[in-house]
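Here is a brief report on one protein model. It covers strand pairing, aromatic pairs and nonpolar cores.

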Amino acid sequence: GSWGSWGPWSSCSSSCGDGVALRSRRCLRTSQELPCTGDPRQYRLCQLQGCPSGSVPFRAMQCSLYDNRPVLGTAARYRWVPFHGAPNLCDLNCLAEGHNFYYSFGRVLDGTRCSPGSPDLCVGGRCLSVGCDGILGSGSRPDACGHCGSGHGSCVLVHRLFQGSDPSSGYLGYVNVTKIPAGATHIKVTDKSRNYLALMASDGRYILNGGWAIAWPGPYEAAGTLLTYSRAPDGTESLEAPGPTHEDLHVMALLQEPNPGIEYQFWLPRGHPQLGRGDTSPLRQPQPRGAGSPPPPEPPEPPEPP
C-alpha cells in the first residue's frame, strides 16, 4: 500500500514550555494490497515561551489530579507527588506523600518529560528522543558540520600535523601553524611541548597568548563560538571549539624549543573553497629579528592557580 499526504499539525499539547504536536496520514490501499509500512502518526516538539515562575511541573500536575480520591479500594485519602524510580518512565507513577509506596495511574499525557532534566518526551506511553529535525523518534542527528539529516558525506575532515621549523633567524618566537577557515566545526589543536599555542582573529588581534603574554586556561569567545583553552601540568595544551566559526582564525605557536609537532583537525562542508587550497595563514608571517638582534625575552611562566 501507499500513504496519502500528511495532514496539518495539531495545536501544541501544552500552553507553555515544551509540548508535542501531532499530524497523521491515511493508508491508501484496497483489500488486495499489502498494508502500508510505517507510522500513521508523527509527533514533533513544540517549544513555547517559558512557564511563569511558580507553575506546577507537568508531571506533578497530573499526579495532583488524584489527590484525596479513593485509591486501592480503601477509604484512605492521599496526596500524590511524582515518583521517578519506577521502571517505565512514561507511566504516571506517583508517590503517596508521607508514605513509602507509589501507585501507577496509567500513562502520562503526551509531551511529559521522561525524567527530570531529560530532553526526551513521552508520546503514547513511549519515551522518544527529539531528532535534529524536531520530530520525535525520527533518529535524525546533525552531521559533523551541524547540518541535519544530510549524512556525513556532506562533511570533510581536515586532520594534519604541523612540523614547521624555528623562525629563520634561529631565535625562538611566533610562527604560523594554520588558518582555520570560517565555517569550521569540531575544532581541536594539540601541542605536547613547552611551546605555547596562540590564536589570532582575522583582523590581526590576538585572542590568546599574544604579545609574549601567557593567558590562563579557560573559556574564550572567538569567531562566534566558545573556545576552551586547557594546559596540563606536563605542558600539553589544547584548543577546542564546537563551531561553526563566523570568521577565519589563525593558529600560531610561541616557540621556546624545537617544535615536535602540532596536531590540528576540524570539519568543513564538502565543497568549501578552503579545501582546494593550502591552509597556512595568509594574514601575516611573524617577522624574524635581524641576525644581530638579541633573542626575545623568555615568556613568563603562567602563574600557579590559587
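## Strand pairing

Strand S9 (residues 121-123) and S10 run antiparallel and are joined by 3 bridges. Strands are DSSP runs (E, at least two residues), numbered from the N terminus; two of them pair if DSSP finds at least two bridges between them. Val 123 stands opposite Arg 126 in S10.

The open sheet has 3 strands in the order S8-S9-S10, with antiparallel pairing. Strands S8 (112-113) and S10 (126-128) are at the edges with a single partner strand each, so one side of each has no neighbour in the sheet.

## Basis

This is a predicted model: local features need pLDDT of at least 70, side-chain atom pairs count only at pLDDT 80 or more, and totals for chains, interfaces and linings use all residues. Residues are numbered from 1 along each chain as its sequence is written, and side-chain values use heavy atoms, with hydrogens and water left out.

## Aromatic pairs

Rings of Phe, Tyr and Trp (its six-membered ring) pair if their centres lie within 6.5 Å; planes under 30 degrees apart are stacked, over 60 edge-to-face, the rest tilted. The count is 10 pairs. Trp 80 and Phe 101 have ring centres 6.2 Å apart and planes at 80°, so this pair is edge-to-face. The two residues are 21 apart in the chain.

Trp 80 is buried at 3% relative accessible area; Phe 101, at 25%, is partly exposed. Buried means under 20%, exposed over 50%, partly exposed in between (1.4 Å probe, protein chains only).

## Nonpolar core

A nonpolar core is a set of buried Ala, Val, Leu, Ile, Met, Phe, Trp, Tyr and Cys residues joined through side-chain atoms within 4.5 Å. The largest has 35 residues; Ile 180, Val 189 and Phe 266 touch the most other members. Strand S14 (residues 196-201) gives the largest share, 6 residues.

How values were computed:
Helix = DSSP H or I, 4+ residues; strand = E, 2+ residues; numbered from the N terminus.
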